[in-house]
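Dear colleague,

Here is the structure I said I would pass on. My notes on it follow below.

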Amino acid sequence: MSYQLLPLPFQDRKLRSTEGCHGIAHLAAPVSLSFTDPAPVLHGAINETLRLLEGAHKHGHDVKTVVLMSSIAAVTSPREPGHIYNETDWNETSEKQVAQLGKRASSKDIYFASKTAAEHAFWKF
């Protein structure tokens, strides 16, 4: 078995290396607790996820499996005590905070919203 790391940003020439691959693991995204502008963070998280998937679709004809390492940030939202999280849970709180407050949103909410939006994009693809 072999593996290859593709650093961000994903570019078509890098994604050509998915030719002959049988699996892809999307393991990370930019993280910081000092984000101040949600626009580039959301844009980057969503578009890099989609770029990876589109590149794999275009070049990775042998790809059988794509794994997205999720984050608790994508589902963490205030819930009733004892709530058991599952695939229907999303962090709507951070997304709403970012939508309402924009650059005034907390860094945590910007990061959490980016993880949620990127995962939504992954599943929609």
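**Notes on the model**

Of the 125 residues in the protein, 35% are buried (under 20% relative accessible area with a 1.4 Å probe, protein chains only; exposed means over 50%, partly exposed in between). This is a predicted model, in which local features need pLDDT of at least 70 and side-chain atom pairs count only at pLDDT 80 or more, while totals for chains, interfaces and linings use all residues. Residues are numbered from 1 along each chain as its sequence is written, and side-chain values use heavy atoms, with hydrogens and water left out.

The protein has 4 helices and 2 strands, in the order α-β-α-β-α-α from the N terminus. Helices (H or I, at least four residues) and strands (E, at least two) are DSSP runs, numbered from the N terminus.

Strand β1 (residues 23-26) has Ile24 and His26 on its covered face, with Gly23 and Ala25 on the uncovered one. β1 runs parallel to strand β2 (residues 65-68), and 4 bridges join them; strands pair if DSSP finds at least two bridges between them. Ile24 has Val66 of β2 as its bridge partner. Between β1 and β2 the chain passes through helix α2 (residues 38-59), in a right-handed β-α-β crossover (with the strands pointing away from the viewer, the path from the first strand over the helix to the second runs clockwise).

Further along is helix α3 (residues 92-101). Just after α3, Gly102 has a positive phi of about 55°.

Regards

Technical notes
Polar contact = N/O pair within 3.5 Å; in protein donor to acceptor, adjacent residues only side chain to side chain.
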